[in-house]
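Dear colleague,

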Amino acid sequence: MTKTVQKITLSPSRDIPFNKLVLSQSNVRRVKAGISIEQLAESIAQRTLLQSLNVRAVVDAEGNETGMFEVPAGGRRYRALELLVKQKRMAKTQAIPCVVREGGIAEDDSLAENDERVGLHPLDQFRAFQTLSGSGLSEEEIAARHFVAPAVVKQRLRLASVSPKLHDVYAEDGMTLEQLMAFSVTADHTRQEQVWENVSRSGYDEPYQIRRMLTENTVRASDRRVQFIGLDVYQQAGGGVLRDLFEHDDGGWLQDVALLDRLVTEKLKAEAEAIAAEGWKWISVAVDFPYGHTTRLRELKGQPVDLTSEEQATIDALNAEQAKLEAEYQDADELPEEVDQRLGAIEAALLAFEDRPMIYDKAEIARAGVFVSVDSEGRLCVDRGYVRPEDEAPAAGLDVERGTDASPTEGQEAGGPAPRTAISVAGATDEPEEDDEDPTRPLPDRLIIELTAHRTLALRDKLAENPAIAFQAVLHNFVLTAFYRFASSGSCLEISLRTPTFPAQAPGLRESVSAKAVEVRHEAWKARLPKSENELWDALTALDGDAQASLFAHCASFAVNAVYEPANRYNQGRVSAHGVRTRLDQADVLARAAGLDMVQAGWRPTVDNYLGRVTKPRILEAVREAKGESSAQLIDHLKKADMAKEAERLLDGTGWLPEPLRLVDSSSSPVEPEDEAGPLPEFLADEENPENAGDEDPQQLDAAE
């Protein structure tokens, strides 16, 4: 027997005047959500009512209809219509389309209507905005019609421009909205799809990792080069910029790095041409110069340009205003924002007066040069007045070998035209490609040189902070030289105070914590010492014992040379052919005594300074040592570039160091100082007892050995 299917009868619909409708207490929605009543009223005014109201007839005590209808489902629409009536934008007798319910429970109808409502999928919203944009509506018009900020429309339209293949993945819940946002950084669909294929297989699919891969061959707008030329100049020259509408991007990423470098070089050369009019012999141009580039050069002593009466009056006024503000707010826990800004402006103005142009002797200018670069803030940096050894003026009088008068500057006869300034642009050297898959290949010589250059600079800084150890190290060097025939080169301290140069410029060396600390200390001592060397002895005599010791340690630290040098007899094993320590071995002894810690000195493994320079097995070995085998397995399938970047993230904060930066275990050293941080020698530590100056402490001699 065939079962009869019961037919469904839908509730009838009818138009009911608004003044016959009342809001029902059976509506289950109590908490506000979504757009406001005012926004919904505006939408109804623009588009009319898009959904009918769900109503029930109101009956009296006997069950008879009263002609009124209550609204259990559609309360927000009712309130929006009520607002339009109050605003007299709609008649109170306006017919409202309604679905009239007779059976069931009012609360059940209200709950079902809200439960059955499905929100629009974000991708559908993106595409809808794209359609509206294509129909001629502006971003502001779309935002106004749908009650969102214009920035939201820009973001949605940007997401709609992501590769359709990735849209399909997102629609099927194959990626998150945050991941899709990350892909919107670039409009290159092919690159987006390549990156998704990579990250989806590797598991390294966090949004920040996606952004980094999409921008790996770009330069941030916060880079010093961009700040120097200005982002507008780069864009006017045709350079493209990637922007992230969903996260702070510091101005975006510049895509054409070659164009950026060309614009920077052109501007630097133009600045150099203007400076050349001052008469300098040479000008060297570079975005950045290596640490210690002026070590071998003589710096000219110039005189600052005198202040005008107006400038001095301005300085006095600024100082007075600064003192007044500081006195007025000296007891305040926090300065008002406008006061803090004003004090900052005053400080900047006073610093500008201190950085006045210098006046140099014209004869000196003719043999000296200038370094033109870009500082870390993207400002032009002009460092004038350096004389190279080969440009130094010959001794006055006759040149005996040539039999000529050597007083005129070479190349410039009296009354003749000044030679043209030579402007050079510094370049960089490339390293040869190496086999990434050979786990037995030793670290490249250049990399070891760079790593040990960092260590040498940090050791210099640490030694300068330990006068007792510095003094002991010098004493040790003297004893080796005087009493041990084969130990003349067995110390890492080049006691002649010849400051060794670094054969390779390590990335970040000039901006390292150690470099800045050494420079600050050197400038402070330079300010305390007399300008004339004839007055130096008396000035040193006037220093107390602690000051002499600190100055001694600072000077001694410049002789430290713990840099690895390939094909050098100092590096043939830990012990030389005569059974004494090598220079690098002595550097370990000194580092332990001074308490050197390269992690505290600010060194950490990055792609530039280590991970991108070694083989994949060494990268994995580093991660394995620092984080364990499980972390190494997370990246062992990646290509080298990606592996190095992820290793940098994994190693951050672990304190891991490559072997050249580690201290050798003291147990492997045949001779160890008994008291590595002992007191200062008597003649420096106790000036009140000069009779002790000649005494020798046998224990300290043993420690020095």
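The mean pLDDT of the protein chain is 78, and 78% of its residues reach 70 or more. Over residues 427-433, however, the pLDDT is below 50, and this stretch has four contacts in the model beyond near neighbours in sequence. Residues 668-705 likewise have a pLDDT under 50, and for them the model has 48 contacts beyond four places in sequence. Where pLDDT is low, the predicted coordinates should not be read in detail.

Turning to the strands, β3 (residues 53-59) has two partners to look at. With strand β5 (residues 95-101), β3 pairs in the parallel sense over four bridges, and V55 has V100 in β5 as its bridge partner. With strand β4 (residues 65-73), β3 runs antiparallel, and four bridges join these two strands; here V59 stands opposite E65 in β4. Five residues lie between β3 and β4 in the hairpin that they form, and in its turn G63 has a positive phi of about 90°.

On the α14 side the contact is made by E311, T314, I315, L318, N319, E321, Q322, L325 and E326, while α15 contributes V339, R342, L343, I346, A349, L350 and F353. Sorted by class, the contact of α14 with α15 has nine nonpolar, three polar and four charged residues.

The other pair is α17 (residues 445-464) and α19 (residues 513-528), whose axes come within 8 Å and cross at roughly 45°, which makes α17 oblique to α19. The residues that make the contact are L457, A458, D461 and A464 of α17, together with S514, A515, A517, V518 and R521 of α19. In the contact of α17 with α19, six residues are nonpolar, one is polar and two are charged.

Terms used: Residues are numbered from 1 along each chain as its sequence is written. This is a predicted model: local features need pLDDT of at least 70, side-chain atom pairs count only at pLDDT 80 or more; totals for chains, interfaces and linings use all residues. Side-chain values use heavy atoms; hydrogens and water are left out. Contact means heavy atoms within 4.5 Å. Ala, Val, Leu, Ile, Met, Phe, Trp, Tyr, Cys and Pro count as nonpolar, Asp, Glu, Lys and Arg as charged, and the others, Gly among them, as polar. Two strands pair if DSSP finds at least two bridges between them. Axes are lines fitted to C-alpha atoms, for helices over the stretch in contact, and angles run from 0 to 180 degrees between N-to-C directions. Angles under 35 degrees count as roughly parallel, over 145 as roughly antiparallel, 65 to 115 as roughly perpendicular and the rest as oblique. pLDDT is the predictor's confidence in each residue, from 0 to 100.
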